[in-house]
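Subject: Handing over a structure, with notes

Dear colleague,

I am passing on to you the structure we spoke about, and below it I have set down what was found in it. Please read the notes with the structure open beside you.

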Amino acid sequence: MSTYQNIRFRFEDRVGRITLARPPLNVFNIEMMREIGKALGECAQRDLVAIVFDADKNCRAFSAGVAIEDHVQDMIFQMLDTFHSIFRLLEQIAKPSIALVDGAALGGGCELVAACDIVIASDRSRFGQPEVKLGVFPPVAAVLLPRVIGEKRARELILTGEIIDSVEAGRLGLCNHVVPGAHLEAKLLEVLAKLRELSGTSLAFTKQSLDLGRGRSIDEALSEQENIYLQELMKTEDANEGVKAFLEKRKAVWKHR
């Protein structure tokens, strides 16, 4: 087991297990994102059948997203680069990834769910991309969510910031399995048992093939999103007002420019 401050990371029977452990809501700050990236780097060096993301039992959410204080102008370049490196690594590693979700997966948490190959959620889980309510948008979701749940519904969720329950997430295909919270681990073991019967090498090539088949790589698509976010959006008054209003715990006053 490796020592981290914001996550727990271990290898168990050819599975790399990354447990988000920043209570109460597993809000991703830059340090936590770097730790996830480091853990993924360790996973890349191992013969694994899967990488599993879950949350510590002391946390009330899978993840409530990226820390708003890291969205301010002097931090935003570093934040996006660190956060997006997680998704680039997941694609490069080419090992099956599984999200075990119990509670809210919002913003960056929902984006991590969308990036995983298999998602097992409890019936109390909720999902959504509320970034637009802060005057910004979710670059990873803009790339991945239409691929996962379809263009029209993805656009609606991103444009309105709507939060959906696990039943709707399952119907849309964001979740593969929705089970009672007490059955999450059992369902995970069931899925892992199927993967362990297979060749790890074949699984890696299969995942590579699936990623190639969906069109542009995450790296290429995210580079375009980052340019819009950093060079255009973050130079607007409203984007900075939304973040500032959240941090000051007040309602944003939009100037629509």
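How does the lining of the second largest pocket divide by class into nonpolar, polar and charged residues? Before the answer, please keep in mind that this is a predicted model. The lining of the second largest pocket has 12 nonpolar, three polar and six charged residues.

That pocket has a volume of about 360 Å³, and 21 residues line it, with A114, C116, D117, V148 and R214 lying nearest its centre. Helices α2, α3, α4 (139-149) and α8 (200-213) each supply at least two residues of this lining.

The largest pocket, for its part, has a volume of about 430 Å³. It is lined by 27 residues, of which A64, G65, V66, I68 and L134 are the closest to its centre. At least two residues of the lining of the largest pocket come from each of α2 (73-93) and α3 (108-115), and α2 gives the most, with four residues. By class, the lining of the largest pocket holds 17 nonpolar, five polar and five charged residues.

Leaving aside residues up to four places away in sequence, F53 touches I18, I36, L40, F62, L90, I98, A99, L100, L112 and C116.

A cis peptide bond, with omega about 5°, joins P23 and P24, and P24 is found in the loop between β2 (15-20) and α1 (30-44).

R14, which is not a glycine, has a positive phi of about 65°, and its place is in the loop between β1 (7-12) and β2. A94 is likewise not a glycine and has a positive phi, of about 60°; A94 is found in the loop between α2 and β5 (97-101).

Are R14 and A94 buried, partly exposed or exposed? R14 counts as partly exposed because its relative accessible area is 29%, whereas A94 counts as buried because its relative accessibility is 4%, and the cut-off for buried is under 20%.

Lastly, there is helix α10 (residues 237-247), whose buried residues are D238, A239, E241, G242, V243 and A245. At the start of α10, a side-chain oxygen of T236 comes to within 3.3 Å of the backbone nitrogen of A239, and A239 is itself one of the buried residues of this helix. After α10 comes K249, which has a positive phi, near 55°.

With best wishes

Definitions and conventions: Residues numbered from 1 in each chain as written. Predicted model: local features only at pLDDT ≥ 70, side-chain atom pairs only at ≥ 80, totals over all residues. Heavy atoms only, no water. Buried < 20%, exposed > 50% of the residue type's maximum accessible area, 1.4 Å probe, protein only. Polar contact = N/O pair within 3.5 Å; in protein donor to acceptor, adjacent residues only side chain to side chain. 1 Å grid on protein atoms, 1.4 Å probe; cavity = no way out; pocket = protein on both sides within 12 Å on 5 of 7 lines; lining within 4 Å. Points joined across faces, edges and corners; volume = space filled by probe spheres on them. Nonpolar A, V, L, I, M, F, W, Y, C, P; charged D, E, K, R; others polar. Contact = heavy atoms within 4.5 Å.
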